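Please look over the model below before reading the notes. They are meant for someone who has not seen it before.

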Amino acid sequence: MPGSRFYYEIRDGGILARDDEGQVFADGKAAREDAVMLLTEMARSLPGRGKDKNKITARVRDGAGKLIFTATLSLDVEWND
Amino acid sequence: MVLPGQFPPAPRNRLLAALPPGDLARLWPRLQPAELALRQILHAPEEPVTAVYFPESGYVSRLAPMDDGDSAEIGLMGPEGMIGLSILLEGDRDSFETMVQVPGTALRMEAGAFREEVDRIPSFRSILHRYTLAHFEQVARTGACNGRHNIDQRLARWLLMAHDRVEGDGFPMTHEFLSMMLGVRRAGITVAAGTLQKAGFIRYERGRIEITDRPGLEAASCECYGIARRASDRLLGPPAGATRPYWR
């Protein structure tokens with residue numbers, strides 16, 4: 001099963017990271033699993049920021065540049081006052 | 001082959017270099033040169049260990065295999081140490097895979113010969129015990145660090161440890177490999193490495209990483225680098241010549 005190359009674009013607050021090399025996944029579902037794991041791992045970087053609203057976004061495109069999915073991790077604190 | 005009355009050359013392995021010359025001369029005939037080839041498996045999980053290695057250059061990765069086929073790196077061993085601690089500790093194998101990560105050379109000793117010399121030479125036994133403790137500090141600290149710290153901190157720590165084990169400031173490394181070693185998705189490595197590069201601490205180009213700002217990289221790491229490093233320096237002494245200024 002050859003799989004296809006998928007390309008990440010990750011946005012975390014002001015930081016944008018684009019992966020130009022891409023990674024091979026069997027299909028979109030496998031890429032999705034990778035993205036979910038990725039955001040879970042990146043969540044460790046949220047403590048210590050002191051922000052009530054946190055969002056990390058991973059956009060995944062195919063070789064033609066077409067957007068396949070957007071995965072978002074949000075962690076919000078709502079003060080009750 | 002060392003003739004009687006002829007001393008061996010100064011070893012590049014730090015443990016051997018720390019031995020009294022007379023004791024090193026006794027060991028020397030039982031040490032053979034060996035190559036450490038990229039990705040070579042020196043010891044496989046659960047397989048009896050037949051020889052120990054004293055790296056002179058390059059280093060190995062110790063990997064804990066998982067049922068799903070992935071593995072996580074639990075330690076690094078280079079010219080500061082010895083590969084094959086299970087023999088020293090009176091086992092004959094362990095559950096880890098020892099794989100060459102940066103190629104180089106080593107001095108190799110058969111397991112049986114090693115056991116005999118450990119029994120016979122107190123200075124050899126002593127420094128190996130101290131190295132074992134220093135290595136335990138590194139591995140245990142890695143466990144604590146993996147449970148708490150984030151990718152940026154862990155990547156910085158790992159790069160410092162690799163830097164300590166190579167000559168010069170550059171070594172071959174890919175994001176793919178780092179992803180495997182740190183047990184995180186490759187895209188997360190790309191983000192973290194990008195942050196370190198933007199800060200000027202490293203430069204990554206075509207499968208090679210160069211450390212361009214050592215103090216900066218130390219500041220980006222968690223405390224785990226410093227704690228294990230201080231333990232090692234206390235037990236074994238800091239590296240001779242100290243080409244690695246250590247700010248923390």
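The points below take up chain A, its interface with chain B, and then chain B itself.

1. This is a predicted model. The values in this note are therefore computed from predicted coordinates, and local features are kept to residues with a pLDDT of at least 70.

2. For chain A, an unreviewed UniProt entry places the feature "domain: DUF6894" at residues 5-74. In the model this span is 21% helix and 46% strand, and its end C-alpha atoms lie 27 Å apart.

3. The interface between the chains involves 15 residues of chain A and 14 residues of chain B. Together the two chains bury about 1300 Å², of which 56% is on carbon and sulfur atoms. On the chain A side, the residues that lose the most area to chain B are A:Gln23, A:Glu41 and A:Arg44, which together make up 41% of what that side buries.

4. A salt bridge joins the side chains of A:Glu41 and B:Arg185, with N to O at 2.9 Å.

5. Which elements of chain A supply at least two residues each to the side that touches chain B? They are strand S1 (4-12), strand S2 (15-18) and helix H1 (28-42). H1(A) provides the largest share, 5 residues. Sorted by class, this side of chain A has 7 nonpolar, 3 polar and 5 charged residues.

6. Leaving out residues up to four places away in sequence, A:Glu21 touches A:Arg5 and A:Tyr7 in its own chain, and B:Arg186 in chain B. The C-alpha atom of A:Glu21 is separated by 42 Å from that of A:Trp79, 58 residues apart along the chain.

7. In chain B, the UniProt annotation "domain: Cyclic nucleotide-binding", from an unreviewed entry, covers residues 15-133. The end C-alpha atoms of this span lie 13 Å apart, and the span is 30% helix and 34% strand.

8. The domain assignment divides chain B into domain 1 (14-143) and domain 2 (150-221). Their C-alpha centres lie 25 Å apart. Contact between them involves 21 residues of domain 1 and 12 residues of domain 2. The two domains bury about 1300 Å² between them, with 59% of it on carbon and sulfur atoms.

9. Between these two domains of chain B the count is 1 salt bridge. B:Glu80 forms a salt bridge with B:Arg165, and their closest N and O atoms are 3.1 Å apart. On the domain 1 side, strand S4 (59-65), strand S5 (71-77), S6 and helix H5 (122-148) each supply at least two residues. S5(B) gives the most, with 5 residues. That side has 8 nonpolar, 8 polar and 5 charged residues.

10. B:Asp94 lies in the loop between helix H3 (85-88) and strand S6 (97-102) of chain B. A polar atom of its side chain is 3.1 Å from the backbone nitrogen of B:Phe96. Not counting residues up to four places away in sequence, B:Asp94 touches B:Ala44, B:Pro45, B:Glu46, B:Arg62 and B:Ser86.

Conventions. Residues numbered from 1 in each chain as written. Chains lettered and ligands numbered in written order. Predicted model: local features only at pLDDT ≥ 70, side-chain atom pairs only at ≥ 80, totals over all residues. Heavy atoms only, no water. UniProt positions renumbered as here; feature names shortened; annotations may be inferred. Helix = DSSP H or I, 4+ residues; strand = E, 2+ residues; numbered from the N terminus. Contact = heavy atoms within 4.5 Å. Buried area = accessible area lost by both parts, 1.4 Å probe. Salt bridge = Lys/Arg side-chain N within 4 Å of Asp/Glu carboxyl O. Nonpolar A, V, L, I, M, F, W, Y, C, P; charged D, E, K, R; others polar. Polar contact = N/O pair within 3.5 Å; in protein donor to acceptor, adjacent residues only side chain to side chain. Domains from an automatic or database assignment.
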